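Please look over the model shown here, and then follow the questions and answers about how its features were assigned.

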Amino acid sequence: MSKRIIKKVAVLGSGVMGSRIACHFAGIGVQVLLLDIVPKEASESAEKAVRNKIVNDALQAALKSNPSPIFTKDVAKRISTGNFDDNMKEIASCDWIIEVVVERLDIKQKVFEQVEQFRKPGTLITSNTSGIPIHLMAEGRTDDFKKHFCGTHFFNPPRYLRLLEIIPTPHTAPSIVDFLMHYGDLYLGKTTVLCKDTPAFIANRIGVYGIMAIFKLVEKMGLTIDEVDTLTGPLIGRPKSATFRTADVVGIDTLVKVAKGVYDNCPADEARDSFLIPSWLQKMVDNNWLGDKTGQGFFKKTKSSGGEKEILTLNLQSMEYGPRQKPKFPSVEAAKPIDDLKTRLKALCTGMDKAGEFYRHFHYGLFSYISHRIPEISDEIYRVDDAMMAGFGWEIGAFESWDVLGVENTIKKMQAAGYKVAGWTEEMIASGVKSFYKVENGKRLYYDVASKTYKPLPGAETFIVMKNFENETVWKNSACRLYHLGDDVLGLEWYTKMGSIGGEVLEGIQRSISIAEEKYKGLVIANDTQNFSAGANVGMIFMLAIEQEYDELDMAIRMFQNTMTRARFSGVPVVVAPHALALGGACELSLHADKVCAAAETYIGLVELGVGLIPGGGGTKEFVVRAADEMHEDEPETITLKNRFLTIATAKVATSAYEAYDLGILRKGQDEVVINQNRRIAEAKRSVIELNESGYTTPIQRKDIKVLGRSALGALYAGVNGMLTAGYATSHDSLVAKKLAYVMCGGDLSEPTLVSEQYLLDLEREAFLSLCGEKKSLERIQSVLKSGKPVRN
């Protein structure tokens, strides 16, 4: 089979999904042709802008939406637009055609009929349908069309939700399925899940069951909307939108449509009645209370008498809106302090109050349902877990949750409570197999129902999961663990709250480098938690500052700086693989690494000015070094320095790893963006080996850094004063910004001078310490600590 290369993609349909799918393909560097219908009123017009109004308006709406569907602004240049009547012929130059029109079989078939007139043989043709049987859409098409036709179900928003369901028909060539599974993973950054052509496929079948089952529990247990959303959010590893907020975001009409589709098309589903629409839900649809799209659903945004924004919650008994409540349950309050999700889940399910009863019924129903879906919707259990984690944002899969609670013991409790499990689960337990997953030699295995044996999860070499190497632990303390990842490469992870970097993490980094220098090729620093790190432990800084322990604070800052310096000047390659939040100290660590392998969805920046401080772990110094290296003779030297200054002064956070290049945080030609987050640790390991084998040499500390002194300091001070005068900055903001400017200019030097890295680190530390004594800085730090949220710009 010849190699298939995707250079240009046609997206047919520019609605919410179509326009955003187009943006995602453009984001990875592919040329995109986005088409839609001609407006009815423009059918006789010859004017291009009029005929393309629908597609152009849809694309512009997508580009302006928040969160953004694109990695960087220039991505939009790769998208060209047109309409079905005038531009369908252009699909002949495309390598992949994706249909994303309205969810009606007759309309889709009509589009495919038009596609066949212009599509060149061998071109991929797929549908983004969320529920229409894939095989029905291919009826009446040519053999070549059928061979290259498949379902490719993206989840909204496509950039952020990582699930891509691949649904072949009996006619789809196996090579096409293999290609789509691989391309979706490697190039689109997706968790590709192979699905059977069954109603709602995998994620929506299980996800909508879960929501509808909760609706039944609401009626059975007399629960309120606020109670359920408190119980079904981050507390159990689910998104903040929990249950009812998720329904409002997705659209209550969409939820009802999927539920009715399962009920009508799955007569053998043992839990079919769970998909019946409750009378109060039908009333909401009749009232057009469909969620965010109509302005009200289970929640309603309004303004109080004082003009302040207020969110009201629907009372399902009275069908009237009232103030949101903050329910409390004893078992929940007891479990909240438990950081580890699996340990917390066990505690919640043993609660003896109303919450504990809910969690037991909730999980028993879910476990019963997923057991009966094998092999109906999938032959392998891991595909179900992958789909739910990638499509619905679960931190832990359903079968994995069952493992956490104990499969055998939970089955006994389920049966005692009247819940049935599929026969294969009882056979599995009877055969002596006690869990769905297990880890051996750093590889995760799953129980294969068909062969009744354990098999390795696909992609073991491509997807490195740190926790799978617990048996290969080289060193640990209470916050960190250092693993041997194989091939003489070490991997360090820490598991503090929000990935905060305190004394024990700094010790872990230093010890890991020392151990790597003794007998290993190098070190990867990464983790598998929700965020890489929200930065330094500001609680520790606040405590030392408030108690005026300035000597200890000075030692703490020196230790941070020394650790970053240790990473930069180690005897072995140090590669950092961040993802999601990488703020403050985590950004500084990345700035000092030999290489960064960042997930595309990495939100990285120096945010210290948000709490009235400056970057004190070498971040300010590193920006000065890079500014000096970037200065050109053909432009004023202050321009480059000013841009670097503004990035820190405005606490700018990159909205993607690609944007981090533009901010000068990542280095073009040296650092790397990994589109699939699951691949970044393996890529980082490969980079360590590559750097080692290319003859890695310890860098030499710089003593030739050009700082501009007063010649730039005056200009930066003038800019800060202008912001203060215009009311864009407070007097405290001005103070902090001037401290930053002082460091970045190398101090009050009479002329441009060459200085060392240590000189800049000393200036940085002195400025940081002086700001720790400022009342306003301490107030900002305290505010952040109270909010429990990371510092952002």
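**Cavities, a helix and a sheet**

Q: How many cavities of 30 Å³ or more does the rule count?
A: The count comes to two cavities of 30 Å³ or more, where a cavity is a set of points, on a 1 Å grid over the protein atoms alone, at which a 1.4 Å probe fits but cannot get out. This is a predicted model, in which local features need pLDDT of at least 70 and side-chain atom pairs count only at pLDDT 80 or more, while totals for chains, interfaces and linings use all residues. Residues are numbered from 1 along each chain as its sequence is written, and side-chain values use heavy atoms, with hydrogens and water left out.

Q: What volume has the second largest cavity, and which residues line it?
A: Its volume, the space filled by probe spheres set on the points, is about 40 Å³, and the lining residues, which have an atom within 4 Å of a point, are Ile236, Arg238, Leu345, His363, Leu366, Trp394, Ile396 and Ser401.

Q: How do you know that the span of helix α31 agrees with its number of residues?
A: The expected span is 1.5 Å times one less than the number of residues, so the 16 residues of α31 (757-772) should span 22 Å, and the end C-alpha atoms, 23 Å apart, agree with this.

Q: What makes β9 and β11 edge strands?
A: The open sheet has the order β9-β10-β11 with antiparallel pairing, two strands being paired if DSSP finds at least two bridges between them. Because β9 (299-303) and β11 (320-323) each have a single partner strand, one side of each is left without a neighbour in the sheet.

Terms used
Helix = DSSP H or I, 4+ residues; strand = E, 2+ residues; numbered from the N terminus. 1 Å grid on protein atoms, 1.4 Å probe; cavity = no way out; pocket = protein on both sides within 12 Å on 5 of 7 lines; lining within 4 Å.
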